[in-house]
Amino acid sequence: MNVSLPLVAILGAVVWVAWRYMGLRGWHIAVCLLFGFFLSATSAAPEIRRLVTVLVRSLSQH
């Protein structure tokens, strides 16, 4: 599954709302980005990708 632009835009909007209204700091965002970047290089990446695919498909069917 390729991550589609709308999914990235939604996640970006959630991060912006958390930063703007929930007190998320810039370094929190940087740590989350680095965690995601390094997590994508592990052996857990295919399972995470499969889980996201299942979630997106189940949400799009309703």
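Analyst: Accessible areas here come from the Shrake-Rupley method with a 1.4 Å probe. On that basis, the chain of this predicted model exposes about 5,500 Å², and carbon and sulfur atoms supply 73% of that area. Of the 62 residues, 5% count as buried.

Within this surface, W16, V17, W19, Y21 and M22 make a nonpolar patch of about 630 Å². One of these residues, W19, is located in helix 1. With a relative accessible area of 45%, W19 is classed as partly exposed, because that class lies between the 20% limit for buried and the 50% limit for exposed residues.

Helix 1 covers residues 5-21 and has the lowest mean pLDDT among the elements of the chain, 83. The highest, 87, belongs to helix 3, at residues 45-61. The chain as a whole averages 84, and 90% of its residues score at least 70.

The overall architecture consists of 3 helices and 0 strands, in the order α-α-α along the sequence. The unreviewed UniProt entry places a transmembrane region at residues 27-45. In the model that span is 74% helix and 0% strand, and its end C-alpha atoms lie 24 Å apart.

As for overall dimensions, the C-alpha atoms fill a box of roughly 35 × 30 × 15 Å along the principal axes. The radius of gyration is 13 Å, whereas a compact globule of 62 residues would have a value near 11 Å.

How values were computed
Residues numbered from 1 in each chain as written. Predicted model: local features only at pLDDT ≥ 70, side-chain atom pairs only at ≥ 80, totals over all residues. Heavy atoms only, no water. UniProt positions renumbered as here; feature names shortened; annotations may be inferred. Helix = DSSP H or I, 4+ residues; strand = E, 2+ residues; numbered from the N terminus. pLDDT = per-residue confidence, 0-100. Patch = residues over 30% accessible without salt bridge, like charges linked within 9 Å, V, L, I, M, F, W, Y side chains within 5 Å. Salt bridge = Lys/Arg side-chain N within 4 Å of Asp/Glu carboxyl O. Buried < 20%, exposed > 50% of the residue type's maximum accessible area, 1.4 Å probe, protein only. Rg over C-alpha atoms; globule rule 2.2 N^0.38 Å.
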